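Here is a short briefing on one protein structure.

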Amino acid sequence: MKSIKKYILVGLLVFSLVNKGFAQLFDKEHQFTKGDSLRGNLSVFRSCFDVYYYDLKVKVDVTNKSIEGSNDIYYKVLSDFNTIQIDLFSNLAISHIYFGNQELTFNREYDAVFVHFPTKQLKGTKGIISVEYSGKPQIAKNAPWDGGFSWTTDEKGNPFVGVSCEGLGASVWWPNKDHLSDEPDSMSIRGIVPEGLDCIANGNLRAEKSISGGYKEFDWFVSYPINNYNVTLNIGKYAHFSDTYISADGEKLALDYYVLAYNESIAKKQFEQVKPMLACYEKNLGKYPFYKDGYALIETPYLGMEHQSGIAYGNKYKTGYLGYDFSGIGLDFDYIIIHESGHEWWGNNVSCKDIADMWIHEGICTYCESMYVECQYDAATALNYMNAMKSKVGNDAPIIGRYNVNEEGSGDMYAKGALMMHTLRTLTNNDSLWWSIIKGIQTDFALQTVTSSQIEKYISNKAGKDFSKEFDLYLRQIKLPMLEYALTPTADGLEFSYRWVTPDKAYEMPMRFKNAKGELEWIEPTYNWQTQLIKGVSLTQFKLDDEHFYFDSRMVKSPQQ
């Protein structure tokens with residue numbers, strides 16, 4: 001689920017959405033402003049403090065499409081300061097900021113809020129500021145890609161409201177330190193909505209109570225670190241049903257489902273997919289990361305979003321992607337359940353520090369779709385599923401965006417990122433080792449924010465192979481590695497000549513082809529031409545292994561061409 005700038009429409013609408021893996025791309029010609037730097041850069045006004053707890057309280061006026069609330073921000077001082085930066089979109093007004101019984105002064109620049117303290121805050125101390133605010137939050141133009149509040153009604157005419165803000169930022173609706181590198185250790189979310197409606201958020205519901213003015217307060221608590229963009233409110237007339245998943249070691253995980261009342265029956269059938277999915281993910285990625293908070297699916301007026309322990313679900317109880325099967329495998333599972341749940345590991349447990357590295361969330365999560373297919377079907381079907389992704393890659397911009405300006409890379413981070421992981425699995429050439437690496441990332445970086453560089457080095461080190469050139473080509477370059485080859489028939493078979501053509505003339509990724517026995521045989525192409533004899537293979541029988549690798553190839557008449 002992505003961000004806020006221009007997006008590319010390719011062909012039919014549904015195909016386009018799938019083809020870009022839910023992505024809306026930043027305009028490649030975007031001219032960055034100071035506002036972009038204030039949003040994306042971890043400046044001295046942000047790096048000087050660490051948020052460890054948020055206490056958010058938001059009252060939602062459904063009729064007027066407005067909100068008012070407060071957020072208590074608990075922080076540790078990392079270096080002495082008199083001023084800090086928090087964030088809140090400029091269309092929302094801040095009435096007061098308190099530090100204890102003192103009211104603090106502040107000034108705003110773009111969507112940044114600079115809060116000034118009367119005395120220096122000293123390294124090693126802790127503090128709390130309370131921010132009171134109100135206004136009409138941005139209405140989502142095309143949720144969840146161009147997010148904000150979705151104000152809709154259900155089929156019965158009841159209010160049906162959701163919030164989505166990945167890429168856009170949580171500061172579109174509540175004041176916080178809106179930078180991916182800083183997650184609170186835990187959080188309270190109190191949603192106040194009109195009596196007769198339910199408010200479902202993240203974590204566990206601790207209490208609910210009626211309050212004056214015809215409103216009801218729902219008190220939710222998140223026990224773990226959480227990305228700010230994962231914090232959400234869902235408002236409607238919900239039916240609630242529950243179940244229990246039992247892990248391989250016998251631990252019970254609460255499963256909670258919140259759906260529009262008239263969908264309860266169909267939801268109970270559709271959500272039967274959750275348990276086998278969790279078992280597959282547990283086997284390959286490790287146990288569900290947020291056991292204390294439970295696992296939840298919440299029906300929303302938009303397609304979906306990986307809101308931690310409260311996943312947004314809007315796939316209309318269809319298979320595939322709103323009923324569409326991009327893979328051609330006869331896909332009979334609910335894509336949104338499988339993909340968004342994968343984000344509990346990739347994006348929520350292991351999170352990137354800068355949105356430029358969002359491939360860690362989206363590329364690996366998309367790769368795990370094929371992992372699920374392999375669990376539910378077989379390796380051959382999973383291979384077909386992976387290769388169907390090739391048609392969804394545009395190769396139009398680097399997967400990694402520009403740092404410190406809140407810029408995502410290309411939407412290719414989904415399919416191309418997954419195909420890169422698929423290629424690395426082949427190059428590792430040891431499936432038990434490969435899955436130990438993938439599970440190891442979840443263990444060794446659990447509940448942390450990371451950089452692409454950290455993940456790249458981790459995979460290379462654990463695999464015992466230097467994949468740095470592969471990472472650079474797939475993540476930071478646009479064009480795929482090109483295998484140029486020539487085939488010359490001989491009396492015994494084929495004279496096979498080959499070389500890599502890439503910007504890096506030192507590139508040496510191994511490759512495979514099928515020999516006369518139908519077996520996959522390794523070669524080690526470099527920038528320089530190499531030639532070998534393939535016995536017993538004709539021109540029509542020759543095949544490069546383009547199912548386990550993602551690359552371009554070009555046949556030429558001779559190695560000299």
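**Helix H10 and its setting**

Helix H10 (residues 431–444) has 14 residues and spans 19 Å from first to last C-alpha, close to the expected 20 Å at 1.5 Å a residue. That expected span is 1.5 Å times one less than the number of residues. The model is predicted: local features need pLDDT of at least 70, side-chain atom pairs need pLDDT 80 or more, and totals for chains, interfaces and linings use all residues. Residues are numbered from 1 along each chain as its sequence is written, and side-chain values use heavy atoms, without hydrogens and water.

**Helices**

- Helices (H or I, at least four residues) and strands (E, at least two) are DSSP runs, numbered from the N terminus.
- The buried residues of H10 are Trp434, Trp435, Ile437, Ile438, Gly440, Ile441 and Gln442. Buried means under 20% relative accessible area, with a 1.4 Å probe and protein chains only.
- Their cover includes helices H5 (274–285), H7 (359–376), H9 (415–428) and H11 (452–463), plus strand E21 (350–352).
- Threonine 426 sits in helix H9. Its relative accessibility is 8%, so threonine 426 counts as buried.
- Leaving out residues up to four places away in sequence, threonine 426 touches Arg512, Trp522, His548 and Phe549. Contact means heavy atoms within 4.5 Å.

**Cavities and pocket**

- On a 1 Å grid over the protein atoms alone, a cavity is a set of points where a 1.4 Å probe fits but cannot get out; a pocket is an open set with protein on both sides within 12 Å along at least five of seven lines; lining residues have an atom within 4 Å of a point.
- Points join across faces, edges and corners, and volume is the space filled by probe spheres set on them.
- There are two cavities of 30 Å³ or more. The largest cavity holds about 180 Å³.
- Its lining has 19 residues, with Arg39, Asp178, His179, Leu180 and Asn406 nearest the centre.
- The largest pocket has a volume of about 400 Å³. Of its 22 lining residues, Glu299, Thr300, Pro301, Gly314 and Lys316 are closest to the centre.

**Aromatic pairs**

- The whole structure has 44 aromatic pairs. Rings of Phe, Tyr and Trp (its six-membered ring) pair if their centres lie within 6.5 Å; planes under 30 degrees apart are stacked, over 60 edge-to-face, the rest tilted.
- Phenylalanine 49 and tyrosine 75 have ring centres 6.2 Å apart and planes at 85 degrees, so the pair is edge-to-face.
- Ring pairs link Tyr224, Tyr281, Tyr288, Phe290, Tyr291, Tyr295 and Trp345 into a cluster.

Definitions and conventions: Buried means under 20% relative accessible area, exposed over 50%, partly exposed in between (1.4 Å probe, protein chains only).
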